[in-house]
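Please read them alongside the sequence and the coordinates.

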Amino acid sequence: MKIQITKRINSEPNVKDIIFLPVKRLCLLILVALFVQLWQHTDVVAVETTLRCGSSLVSIGDTTAKVFEKCGEPTNESRWEEGHNTYISKIYDYEKERYQLPELIKGPILMELWTYDLGSNKLIRYLHFANGRLIRIETGERGGK
């Protein structure tokens, strides 16, 4: 006696697969294209807490005088004023991993950006100051000196 097992194979494609599979692929393709586009046009900037200048270290919270003493004359320097009678909380406390509590500043905040181009073998450093205190250190592209 021979037992014959038959399996019914649905030869008709599922309607969901016909409609949604190409849409899913198109959406994925669009997302990948957007990601690549954004990635190509985003400047990658690393934020640091310290900067080594020779044998000295400059840290967040240092004054402009202390940074000038340790690192010397910046390659480029720009100054501007922001806000009047405003709160600032731009100093980031890296140990507690949060910004310090805001403090009320009467009058304008003097902002400064010092750029140090340390040479073609090193990366450019951007130092941001608010009212004479270092609030941020960024690392940019390779130097061109």
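This is a predicted model: local features need pLDDT of at least 70, side-chain atom pairs count only at pLDDT 80 or more; totals for chains, interfaces and linings use all residues.

1. The side chains of Arg-136 and Glu-138 form a salt bridge, 2.7 Å from N to O. The term stands for a side-chain nitrogen of Lys or Arg within 4 Å of a carboxyl oxygen of Asp or Glu. Arg-136 is partly exposed at 32% relative accessibility, and Glu-138 is buried at 15%. Here buried means under 20% relative accessible area, exposed means over 50%, and partly exposed lies in between (1.4 Å probe, protein chains only).

2. Residues are numbered from 1 along each chain as its sequence is written, and side-chain values use heavy atoms, with hydrogens and water left out.

3. How many salt bridges does the structure hold? The count is four. One of them links the side chains of Glu-77 and Arg-79, at 2.6 Å from N to O. Glu-77 is partly exposed, with 30% relative accessibility, and Arg-79 is exposed, with a relative accessible area of 55%.

4. Asp-62 is buried at 12% relative accessibility; Lys-66 is partly exposed at 36%.

5. Helix α2 covers residues 64–71, and its buried residues are Thr-64, Val-67 and Cys-71. Seen down the axis of α2, these fall within an arc of 65 degrees, so they line one face of the helix. The arc is taken from the directions from the helix axis to the C-beta atoms. Ala-65 and Glu-69 are exposed on the other side of α2. The general rule is that an α-helix has 3.6 residues a turn, so residues three or four places apart point the same way. Gly-72 follows α2 and has a positive phi, near 85 degrees. Helices (H or I, at least four residues) and strands (E, at least two) are DSSP runs, numbered from the N terminus.

6. Leu-26, Leu-29 and Ile-30 make up a nonpolar surface patch, with about 300 Å² of accessible area together. Patch members have over 30% relative accessible area and no salt bridge; like charges are joined within 9 Å, and nonpolar side chains (Val, Leu, Ile, Met, Phe, Trp, Tyr) within 5 Å. Areas are from the Shrake-Rupley method with a 1.4 Å probe, and for residues only the protein chains shown count as cover. Ile-30 belongs to helix α1, residues 15–40, and is partly exposed at 45% relative accessibility.

7. Is Asp-117 buried or exposed? Asp-117 is buried, at 14% relative accessible area. This residue sits in the loop between β7 (103–116) and β8 (123–130). A polar atom of the Asp-117 side chain lies 3.2 Å from the backbone nitrogen of Gly-119.

8. Asn-131 deserves a look at its backbone. Its phi is positive, about 50 degrees, although Asn-131 is not a glycine. In general, most residues other than glycine have a negative phi. Asn-131 is placed in the loop between β8 and β9 (133–142) and is partly exposed, at 37% relative accessibility.

How values were computed:
A polar contact is a pair of N or O atoms within 3.5 Å; within protein, one must be able to donate a hydrogen and the other to accept it, and residues adjacent in sequence count only if both atoms are side-chain atoms.
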